[in-house]
Structure formats: structure tokens, C-alpha cells
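Subject: Structure handover

Hello,

Here is the structure I said I would pass on. Please look through it first; my notes follow below.

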Amino acid sequence: MTSPYQDNNLVTQDRRIARTTIPLTDKDVDKSQAKLLVDTVKDASVDGVTLGLAGEKAEKAETPPGVRPRAWAYWQRR
């Protein structure tokens, strides 16, 4: 994982948004483990700080059974 404090490309110029990457693609993470991570990150969002996850495993963790993840993400934004 690369800290946004170590790479200026991971922080916007106004320093309001930062991102980093946690590589899960090479890990054997099942849906329940990914869901726990997604929920933990969401629960940590407080006092004007919003945290979120993206990527295939995060999308699948929040998608109800039988629904395609991209379709679910589209309907959640509407």
C-alpha cells in the first residue's frame, strides 16, 4: 500500500481528496471478508471525512445475490 503522503499524485491539489490502493486481487478474499472490510471503512467515515472502497471485490461484496455488480452500482447512484 502506498501512502498518499508519500506520493503527491494520490492527493488533489486542494488537498481535500486523497486515495490509495490496497491490493486485494492477489489475495484469496471471499465475499464475506470483503463485506466486512467495506462495512469497516464505511463505519470509519465521521465528522466530514468520507472513506470508501472501490474495485471488483468491494462491488461484489455489496451486490445482492443474482445481480450484476455494475448494474447494482448504477442503481445505487440514482
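**Helix packing**

The buried residues of helix 1 pack against helix 2, with contact meaning heavy atoms within 4.5 Å. Helices here are DSSP runs of H or I with at least four residues, numbered from the N terminus. Buried stands for under 20% relative accessible area and exposed for over 50%, with partly exposed in between, using a 1.4 Å probe and protein chains only.

This is a predicted model, in which local features need pLDDT of at least 70 and side-chain atom pairs count only at pLDDT 80 or more, while totals for chains, interfaces and linings use all residues. Residues are numbered from 1 along each chain as its sequence is written, and side-chain values use heavy atoms, with hydrogens and water left out.

**Helix 1**

Helix 1 has 13 residues and spans 18 Å from its first C-alpha to its last, close to the 18 Å expected at 1.5 Å a residue. The expected span is 1.5 Å times one less than the number of residues.

Ala34, Val38 and Val41 are buried in helix 1. They lie on the same side of the helix because they cover an arc of only 65° around the axis, the arc being that of the directions from the helix axis to the C-beta atoms. Ser32, Leu36 and Asp43 are exposed on the other side of helix 1.

**Largest pocket**

The largest pocket has a volume of about 1000 Å³. A pocket is an open set of points on a 1 Å grid over the protein atoms alone, where a 1.4 Å probe fits, with protein on both sides within 12 Å along at least five of seven lines; lining residues have an atom within 4 Å of a point. Points are joined across faces, edges and corners, and the volume is the space filled by probe spheres set on them.

The lining has 32 residues, and Ala18, Arg19, Thr20, Gly52 and Leu53 lie nearest the pocket centre. Helix 1 (31–43) and helix 2 (56–62) are the elements that give two or more residues to this lining. Helix 1 gives the most, with four residues.

**Positive phi**

Most residues other than glycine have a negative phi. Arginine 15, in the segment before helix 1, has a positive phi near 60°. Arginine 15 is exposed, at 57% relative accessible area. In the loop between helix 1 and helix 2 is aspartate 47, with a positive phi near 50°. Aspartate 47 is also exposed, at 79%.

Regards
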